[in-house]
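Welcome! Here is a short briefing to read alongside the sequence and the 3D view.

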Amino acid sequence: MLVERDRELVALSILLDRAREGSGGVALISGDVASGKTSLLNSFCDNRILRDVLLLRATGSIAEQELRMGIISQLFQAHQIPQAVRERVAYGLKEHTDWDVKETVHRELFELSKERAIVIAVDDIDFADESSLNIISYLHRRIRSTGILLILIERTAPGTAASAFSTELTRDPDVRQLPLFPLSRKGIERLLARSMPEEAAQRQAVSIRTLSEGNPLVVQALIADQLREAHGRIARPSAELLVGNAYRQAVLHMLHRIDPQLVRAVRALAVLAGRASVTMLGHVFDIEPAAAVELLGRLNAIGITSAGRFRHPAARAAVMTGIPEEERCWLHSRAAISLYNTGASAEETARHVVAAGVCDEPWAVQLLTQAADQGLARDDVEWAVVCLEIAWQGCSDECRRPAILAKLARVRWLASPAAAVRYLPELVEAAQAGRLGIAESWWLVRALAWHGKTAEATAVLARLNAVGQHDSDTLIAHRLGVRWLANWYPRLISAVTDAAGSHSIADEDPTARAVAALSTAAIGDPSAVDAAEQLLQGSRVTDSSLEAVMCALQALICADRPDRVIVWCRELLDDAQRRLATTWQAILLSFLANAELRLGNLVEAERDARAALKIWPAENWGTAIGAPLSSLIMATSMMGKVDDAAAALRQPVPSAMASTHFWLRYIYARGYAYFATDRLQAALADFQTVGYFAETWRADIPLIFPWRSDAAQVHARLGRAEHARELVDTQMSKPGSARPRVLGHGLRALALVSGPKQRIPLLQEAVRRFEECGDRYHLAKALVDLSDACRQAGELNTARAVTRRALQLSKAVHAEALYESLHEGEQDGADGGPDTGHADLESLSAAELRVASLAALGHTNREISHSLFITVSTVEQHLTRVYRKLNVAKRTDLPETLGPVHRP
């Protein structure tokens, strides 16, 4: 439906009536792109041309602009023209000169017009070939005495120069000029009123007029979007303007109809987005401001943009999809240069460099590394990786390139260590050539060791030994590297001379103190815990602090403070999850599983170990896979999940793990799994293997690997009492053997090969030591042994009380196999004893019930105070009142279940 075109249709009808009377004329329909010129012509031809009128139509095209007589050929292909006329004109077009063709065309048309009026309609006359234009111009000057109406459609735009042909026509007062203007709001209302209520049409017309600038093509598209939505499944308020696929297609359609220069301009605006000013457009195309103003004006006129910005985001999106890759890259590159020259921010400029994929400008590398730093500061690792990749590829400076690559590798490591492997060979080459810094070289050593590339790591270490450390930063990097290797890759440490040990490093530096704490934590140095926690307090999830954090957490493990490891891991995990730093998440979960295991929290240990293995594939873990895998094996073995432990043991591990600390953990866990399933000789072999390598690598720390006490238990089961005692005695002579956890393991193993009189006090002391360190699983195991010893000594009441507590603990830590064996044993030997089943539990206050419930589950007073946020003294006072009210003497006489624990 046409609106606001009645004047033009009437004018064309008048001209046609005159042509019928033998007085020909010319009509020139003009307008910008998609202004409705062709629609007007089609409407006139469909509704006004009668059977007695001969209609000849042709359309100009850029592709055929060089084709001689292209328009004339189209006109004389109409089937209404007699065959003889078509043949004569075709022969003339082929064989005669342009002048002869002019005469032939004029003569044939003149003769035909004697029979009936002729309408010659040429669309896009501005794209017609020159020879055809000459004939049309010739005809125009001789048309007045014929029955011919010549309708020409010309594309015009504000600020553009008219062609010579157009100038000739517009100067002729007899030519009827019909310029087409954008639709008004009233006209749009008329279009909308055909398909929606009048009130809704009025509201929509305002929005459509603003978005389309009255361009008929865009108006019709927006109306189509409204109607499509109205008839669809989703109901929307009629006042809301919907911009959909029809609008996007209209924008793309206009791009095919505007001239190439304007297409380039609109594509440049799409690439520049919010920076599309006259100045920027001029810089991109290297044109004068006046020319840029003209381009923007033309785009504004056709309804795509307004003041250099797209009228709707959908228009920009449509334009972007149609930009060829090569042109898109060129535009982004030009935009980057322009932004850099005008002082735009590094990140804004870098986004265009990244979009271009490459930039040969000398400033590009520095700008990209700066943008990467800004991305890391806001935790946008993906953006930092993209910037560094392009900077590395575009850097031709052999001295600068390795530093960029090292940074790229470290950033990639944050998400996936496996993704950084491909950069390692070039970094090794740079390190060997002395083109890699000290800190970067130490990171490279750690990365190589992580992936089991020990030969390359040794080569880089040799280079580091040959280079002196002259300032505090490089000394700290050296100390961190040495200590990290000593803890996790002891076989490599022999290739390193710890030069940092003979220099004075600022002791106030938390990193230096944390890595040094690893050396003293296992022997009970209280400053080790303070140093580790000081570093953790100031740590955040970045690419540069992970190794130091690992050292600090390991120092807390060596100091037997798994409770603090859990606190710090959970805090850092929250940060890592917010930043999507999967490397941090995986490693922290592995530490968390180890800490939970040392407290006897078996369910939590299994959960965290599985989460660590799930968040990373095996190739990311490299040789470190032994850490979460060993926690999983031990947790499932302790819970009696022998099938799960066996499945974990079947998971392949890299052969290079055999030269790492992770191998000791893995073999120790495997020995534990064998012992749990009565494979005594296999368990003993694994414990002895752990001992051999621990001694060889100077990592024989009973607090971490109490392998002697475990081997002693195997010997006790095999009846080798002397071997067991010898192993325990040796363990008790090691540094750190006075720690409660080490004492608990040693005393329990010694009790197994001691006489009845010595066994009970040894086990009682072991129980106290496990209570002190908070290891609930091994506390339950010690209680089982104590129960057996009391039963053998005839102390049946004590045996039942101890068994009951062991039952409570084994159930609390989900050691199902231990619980089942204890439960069956207690039922077999039940013969009375302290009974609190009928005690007046209602006499307990809420606070007393909470304390009593936790005490019945085997928690120590210190654990209860932490859990309920009360003092140890308050716990003791509550328990005293509980014992009195329930008429029991001690916590082991408490009922197994007192009710749910409601923490404050």
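**Salt bridges and a parallel sheet**

R607 is partly exposed, with 46% relative accessible area (buried means under 20%, exposed over 50% and partly exposed in between, using a 1.4 Å probe and protein chains only). This is a predicted model, in which local features need pLDDT of at least 70 and side-chain atom pairs count only at pLDDT 80 or more, while totals for chains, interfaces and linings use all residues. Residues are numbered from 1 along each chain as its sequence is written, and side-chain values use heavy atoms, leaving out hydrogens and water.

**Salt bridges**

- R607 has a salt bridge to D608, at 3.1 Å from N to O; a salt bridge is a side-chain nitrogen of Lys or Arg within 4 Å of a carboxyl oxygen of Asp or Glu.
- D608 itself is buried, at 4% relative accessible area.
- By this rule, the count is 47 salt bridges.
- Another pair is E189 and R185, whose closest N and O atoms are 2.4 Å apart.
- E189 and R185 sit four residues apart in helix α8 (residues 185–193), so about one helical turn separates them; helices (H or I, at least four residues) and strands (E, at least two) are DSSP runs, numbered from the N terminus.
- E189 is buried at 11% relative accessibility, whereas R185 is partly exposed at 36%.

**A link between distant parts of the chain**

- D785 and R748 form a salt bridge, with 2.6 Å between the closest N and O atoms.
- This pair joins distant parts of the chain, since D785 lies in helix α41 (residues 776–792) and R748 in helix α39 (residues 740–752), 37 residues apart.
- D785 is buried at 15% relative accessibility, and R748 is buried at 6%.

- Five strands make an open sheet in the order β2-β3-β4-β1-β5, with parallel pairing; two strands pair if DSSP finds at least two bridges between them.
- β2 (54–59) and β5 (175–179) are at the edges with a single partner strand each, so one side of each has no neighbour in the sheet.
- From one strand to the next, the twist averages 15° (axes are lines fitted to C-alpha atoms, for helices over the stretch in contact, and angles run from 0 to 180 degrees between N-to-C directions).
- β2 and β3 (residues 118–123) run parallel and are joined by six bridges; T59 has D123 in β3 as its bridge partner.
- Helix α1 (residues 6–20) packs on the sheet, touching β1 (25–31), β3, β4 (148–155) and β5, and its direction makes about 160° with that of β5; contact means heavy atoms within 4.5 Å.
- Helix α5 (residues 98–115) lies across β2, β3 and β4, at about 130° to β3.
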